[in-house]
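Welcome, and take a moment to look around before reading on.

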Amino acid sequence: MFKTEFHPHSGHPTTIETFSTYRSGSGTRSPIVDDTPWHPFTCRADFEFAELMHKAALNKDQTNELLKFIWRFKTHADIMTAWASASSQMTPFEKHIVPIEYKKETIEYEFYSWPLWDWAMDLLANPLLALHFVWDAQRLYKHNGTRFERFFHEPWTGDCWWNLQSSLPENGAPFTFILYADKTHLSSAGTVKAYPVIACCGNLPVNIRNVDGPRGGCLVGWLPIVPDDSDQDGKLSYTNLKCVVWHESFSILLVTIMLLSATGFVHKCYDGIQRWLFPLILILSADYEEQCMMALIWGLKSACPCPICLVPREELTNHSTTYPKRTVEDAQDRVDLWSRDHIAGEAELKKQSLRPIKNAFWKVRLSNPHDALSQDLLHVYHKGKFGDHLFNECKKHLKVLGRVAEKKVDEQFDSFLQWRNLNHFDRVTNIYFTDGNKFQDISKEYIEALGDDATKNWNFPKAHASKHVFTDIMEKGAARNFSTRPNKKQHGPIKRAYKLQTNGKDTANQILRLDHMTFISGLICSRIEHLDKEQCKVMLSERELEEEDLDDQPFGGHIHLGAPQSSLTLLQLEEGNASNPAFAQFRKKLSLFLNNFLPAYNIPLPDSKTWLRLSAQDTVQEHRFLKVNYESVVDLKLATDYLRCNPSFHGHERRNCALIRTNDKDGNDKNIFVRILLMFKHTVGSKVLDLALVLTMDARMGPRCAIDRDM
């Protein structure tokens with residue numbers, strides 16, 4: 001049973017639901033269907049052609065050459081005119097000049113932004129998203145057989161959202177922003193850089209906001225980069241200049257929500273309810289360097305290097321002591337003191353490693369940057385602690401042990417079973433640089449402990465970061481809500497656009513125009529996909545919909561077998577797998593299983609038989625793909641697992657493993673791991689059974705290690 005406690009301001013009573021009701025969610029209204037979703041393109045074919053040209057990154061000459069074979073568009077200019085018309089559906093980027101005083105000179109920097117509240121209004125106007133917005137805080141509980149236990153997943157299930165809504169007027173609701181910023185290299189030489197700002201809406205579910213396209217993270221800002229200067233780099237005044245440029249630029253991005261964060265904005269939502277929306281920044285997603293910029297602290301070697309709390313530098317590995325959290329009021333007081341008295345103010349600022357600069361986030365009500373800064377799993381754990389430290393330490397030990405040990409580890413990784421969404425490595429000891437996603441997958445696979453290096457100094461901010469992870473989860477929901485991983489992916493399209501579609505000059509303007517086209521393209525595609533689905537429902541009967549192949553689609557029920565093969569007789573199956581002892585006497589094993597299984601589940605044997613006998617000519621149909629719906633212990637929602645049993649999947653044998661529930665010899669429940677050897681359908685009378693032959697993995701292999709006994 002699941003209990004949902006809504007915030008008192010919502011007016012919703014507490015609900016108690018079964019899993020089947022809870023997983024389905026609320027809301028039954030369907031989005032409005034647009035009959036011409038490709039508008040303002042003349043027709044669907046025009047849009048799809050223009051989209052293909054954009055995705056293929058064809059230049060003007062290539063496009064014109066191809067258009068000689070196309071009857072509708074005549075020139076590249078015709079396509080660009082259509083894109084310009086389509087782009088008017090969304091708010092365009094604006095260019096700003098940011099003047100900064102430095103050493104008695106005024107330096108002008110260029111900043112591009114999509115006004116943040118305009119972007120929010122564009123989201124609210126999207127009928128395909130309107131149904132998914134969540135406005136009210138919730139506390140979720142699951143009954144464990146004795147009592148209800150609270151759990152967290154979406155941002156609105158955390159304490160922060162609840163407290164924020166409590167501070168708003170009774171009919172007020174938070175419109176929450178999740179903001180990310182990070183520099184990236186555009187050129188392979190690293191001489192051309194970009195500084196994108198990505199925004200997500202925290203009121204949308206994670207399966208919407210953490211995906212590519214117009215529903216997920218969106219490029220809303222292009223920060224100026226203060227150029228490196230060998231004479232100035234490292235000097236306090238030049239470092240402070242970079243911080244001033246960052247926060248003055250970010251203030252321009254936030255300007256449209258500064259006043260509204262205090263007054264609110266009345267908006268009639270899709271459900272017909274007029275809500276008083278208050279924009280605020282709930283989560284700041286960034287790596288450590290960027291967090292220091294957002295919090296305006298000195299950073300790594302300062303007295304208090306944590307952007308969230310006031311832990312001293314020498315106590316970063318001390319997790320038993322909780323230090324006071326940073327506050328906006330305290331930082332403002334110290335900066336104000338510095339503006340009146342530099343000497344006294346400098347002394348106070350140094351105590352907390354603060355910079356004498358006004359923070360852009362102070363201008364947005366209920367948006368404390370120290371509370372909004374969140375755990376960065378990608379850079380702290382996967383790329384940081386593991387990739388930069390533990391993995392390197394392991395390779396050092398292997399180097400000392402010699403080539404035999406290195407080869408053994410590589411062989412173990414190579415023999416690791418291939419799995420969906422898990423990178424497979426044929427060797428790892430030669431990896432010296434890779435991305436955080438690869439390091440995450442390496443860390444999931446087993447590496448035998450090879451000792452410890454007592455000389456390693458672990459007293460650095462990433463070692464301290466885990467001190468705040470549980471607080472972050474309780475305040476803002478599951479860690480995927482503030483992960484930098486989905487936003488880091490946005491760097492890829494930016495780099496691709498620079499490489500293939502710009503001339504290397506005025507790159508910001510060109511890339512932002514191309515990104516806007518990509519956004520519009522995704523928006524139109526989502527409308528067309530929705531129209532296609534609705535038309536399909538109208539054209540096909542319910543029976544025809546059920547009979548469609550569901551390999552790549554959601555499905556009801558518990559399991560779905562896909563990738564069907566030609567039917568085989570039991571004799572052919574045994575002969576084709578004669579070298580595998582698991583298939584020996586397969587017909588006899590299947591017959592014994594069916595004669596025990598069918599009566600146990602009250603499935604009558606055909607023709608009133610008391611014993612089912614299978615002949616060598618009886619057939620089975622092999623399937624090589626299995627989808628399983630199950631209740632996830634991560635978010636307690638319906639999740640789907642994908643399993644394969646294929647002798648040659650992309651050139652490699654793929655026989656996945658599974659954890660199944662069975663009974664021991666005394667009839668008690670028992671969970672064991674199995675490896676899938678064959679998945680098949682077999683018909684008994686009029687009943688079609690979905691079955692599998694598995695290899696149990698519950699027998700002990702070899703002597704038990706001392707470390708296993710100790711643990």
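## Cysteines

A residue counts as buried when its relative accessible area is under 20%. In this predicted model, Cys 657 has 15% relative accessibility, so Cys 657 falls in the buried class.

How far is the sulfur of Cys 657 from the closest cysteine sulfur? The distance is 10 Å, to Cys 645, which is too far for a bond. Cys 160 has its closest cysteine sulfur in Cys 201, 15 Å away, and that is also too far for a bond. With a cut-off of 2.5 Å between sulfur atoms, the disulfide count is zero.

## The chain as a whole

The chain holds 26 helices and 20 strands. Its radius of gyration is 30 Å, close to the 27 Å from the globule rule for 711 residues, so the chain is as compact as a globular protein of that length. Along the principal axes, the C-alpha atoms fill a box of roughly 95 × 70 × 60 Å.

Of the 711 residues, 46% are buried. The accessible surface comes to about 38,000 Å², with 53% of it belonging to carbon and sulfur atoms. Of the contacts between residues at least 6 apart in sequence, 63% join residues at least 24 apart.

Now for an open sheet of four strands, ordered 2-1-5-6 with antiparallel pairing. Strand 2 (15-17) and strand 6 (148-151) each have a single partner strand, so one side of each lacks a neighbour in the sheet. On average, neighbouring strands here are turned by 30° against each other, direction ignored.

Five bridges join strand 1 (residues 2-6) to strand 5 (residues 138-143) in the antiparallel sense. Lys 3 has Tyr 141 as its bridge partner in strand 5.

Conventions: Residues numbered from 1 in each chain as written. Predicted model: local features only at pLDDT ≥ 70, side-chain atom pairs only at ≥ 80, totals over all residues. Heavy atoms only, no water. Pairing = 2+ DSSP bridges. Helix = DSSP H or I, 4+ residues; strand = E, 2+ residues; numbered from the N terminus. Axes fitted to C-alpha atoms, helices over the stretch in contact; angles between N-to-C directions. Buried < 20%, exposed > 50% of the residue type's maximum accessible area, 1.4 Å probe, protein only. Rg over C-alpha atoms; globule rule 2.2 N^0.38 Å. Contact = heavy atoms within 4.5 Å. Areas by Shrake-Rupley, 256 points an atom, 1.4 Å probe, with all protein chains shown as cover.
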